[in-house]
Structures are given as C-alpha cells and as structure tokens.
Amino acid sequence: MIKVLAIDDEPLALRQLAAYIKKVDFLELRGQCQSTVEAKAIMDREPIDALFIDINMPDVNGMDFIKSLDASPLVVFTTAYSDYAIEGYKVNAVDYLLKPFSMADFKKAAEKVQQQYNLRHQEPVISQIDDDDSLFFKTEHRIVRIKIDDIRYIEGMSEYLKIHTEGRNKPVIVLLSMKKLEDRLPKNKFMRIHRSFIINLSKIQEVLKNRVVMDEETNIPVGDLYKDAFNSYIESKFLGK
C-alpha cells in the first residue's frame, strides 16, 4: 500500500480528496491535513510515500513546502489556478490536478503515483555492455534490452531516467542515477551536455546557439558547466571557415 496524505485548507475540498483516495485500493490514507504544519507533524512521525496537496495554503505555499522537505515523497498538486502547472513540474511533481477534478481524473493521477512508486521501490538493474552492444534495464517489473546505438538521449528526472530510443513511442523509465549510466556509455558516442541530459552525438541534427536539435520536436539546452567540452567536440568535427 502507498501511504498518502491529503492536504487542503478548504474543508469541503479536503473531504472530497480524502474520499477519492479511499476509493483507490492501492492508496492508504494516513491523514487529512488543513495545513502544511499538520502534514509535517505526521511526516515527522511516520514515513509517507505520496502527497496530494493544494498549492494555495494559508501558512506555507504548497510548492514551497515541497521544496523545503529533506525527503522527496511523490507529489500530486491540486489547485484552482492553472498558472501553477509549469511550476509544479519544476519540482518533479508526478501530476497536476486542476479543480474541480473528477474521480476519473484523480484515478489517472493515482496510477501515475503507483507507477513511480513501483519504480522507486525496485532494485535497479543495468548490465555490462554485451557483444551486441546492448544494455539491460529493469523497468516496471520487466527487464528490457536497449541497443546502445538506438539511444537518442537520456533525460534525468530526480531519481529516475527517461531513456529515449529509436523504435519506441515512449521512453523507457528506470530508477537509476545519471552518473551511473553516464559511466557505462561509450565516451566516444555519448556526451552529457546538461545536468539533466546525455545525448547520442550521432543523433544531433543541428546546433543552434546553446541548444542541440535532436529532431523537430526536441531541443536540448547546453548547460554552462558542459559548454566548453561540447564546443570542443563540435570544433573537432567542424569543416569550413
């Protein structure tokens, strides 16, 4: 069971949120809180896996509360204001629910929490590169083979990585550190260009100022710490004046 807290300063909204949680069989409601102070008191007493929290709180803003935590529970933000959506994802929120939301909307968010919870609580598996130039990863109770040359880029998300590959509509999500995967990839083929991105150098289509174009929909920023190494690579391959 995933232990969760419902946090909202509006009593009616809090009761509805709690009712939704109780209807999902893999969630266990451990508290209904009308302030972040109440929530923190519970979290100090027992481990909490996930928070369903309103952003506009009277004591401490829900976003600021999440940023202040030493531990990193899974978070679903709820609010009546759509302006907060982008900020919510900046703190690695699992999902964002715009009030008023239905049970169907809530269930979708809860399933995302379950997926992330399962990833967080399974042992990561990454093999040595085999004779076929492939790696094996554990994801969602499966072990998948990924050919090194099929990897387009890797995107970091807190404790997780999204491995974007050729031939798959969706990225493979694994519980693994960026550094550990970076150490396993061939240095002559892959480069870290941002704290959250590693790219396959052979998949670059264009370089526009401080961004790398991987395809029509994917532009990846080059971080300040990685500019010199990346520019040196580009200069080594550059022909012309």
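**Note on the pockets and the sheet**

1. The lining of the second largest pocket divides by class into eight nonpolar, three polar and six charged residues; here Ala, Val, Leu, Ile, Met, Phe, Trp, Tyr, Cys and Pro count as nonpolar, Asp, Glu, Lys and Arg as charged, and the others, Gly among them, as polar. The model is a predicted one, in which local features need pLDDT of at least 70 and side-chain atom pairs count only at pLDDT 80 or more, while totals for chains, interfaces and linings use all residues. Residues are numbered from 1 along each chain as its sequence is written, and side-chain values use heavy atoms, with hydrogens and water left out.

2. This second largest pocket is lined by 17 residues, and those nearest its centre are Met-43, Ile-48, Ala-71, Ser-72 and Pro-73. A pocket is an open set of points on a 1 Å grid over the protein atoms alone, where a 1.4 Å probe fits, with protein on both sides within 12 Å along at least five of seven lines; lining residues have an atom within 4 Å of a point. Its space comes to about 230 Å³, a volume being the space filled by probe spheres set on the points, which are joined across faces, edges and corners. Helix α2 supplies the largest share of the lining, three residues.

3. The largest pocket has a volume of about 1300 Å³. Its lining comprises 42 residues, with Asn-92, Ala-93, Gly-156, Met-157 and Lys-162 nearest the centre. Elements giving two or more residues to this lining include α3 (62-68), α4 (85-90) and β8 (151-157), and α5 gives the most, with four. By class, the lining holds 20 nonpolar, 10 polar and 12 charged residues.

4. Five strands form an open, parallel sheet in the order β2-β1-β3-β4-β5. Because β2 (27-33) and β5 (95-98) stand at the edges with a single partner strand each, one side of each has no neighbour in the sheet. Helices (H or I, at least four residues) and strands (E, at least two) are DSSP runs numbered from the N terminus, and two strands pair if DSSP finds at least two bridges between them. Strand β4 (residues 74-79) is joined to β5 by four bridges, and Thr-79 stands opposite Leu-98 in β5.

5. Helix α1 (residues 11-22) packs on the sheet, touching β1 (2-7), β2 and β3 (50-54), and its direction makes about 165 degrees with that of β2. Contact means heavy atoms within 4.5 Å; axes are lines fitted to C-alpha atoms, for helices over the stretch in contact, and angles run from 0 to 180 degrees between N-to-C directions. Helix α2 (residues 36-45) lies across β1, β2 and β3, at about 130 degrees to β2.
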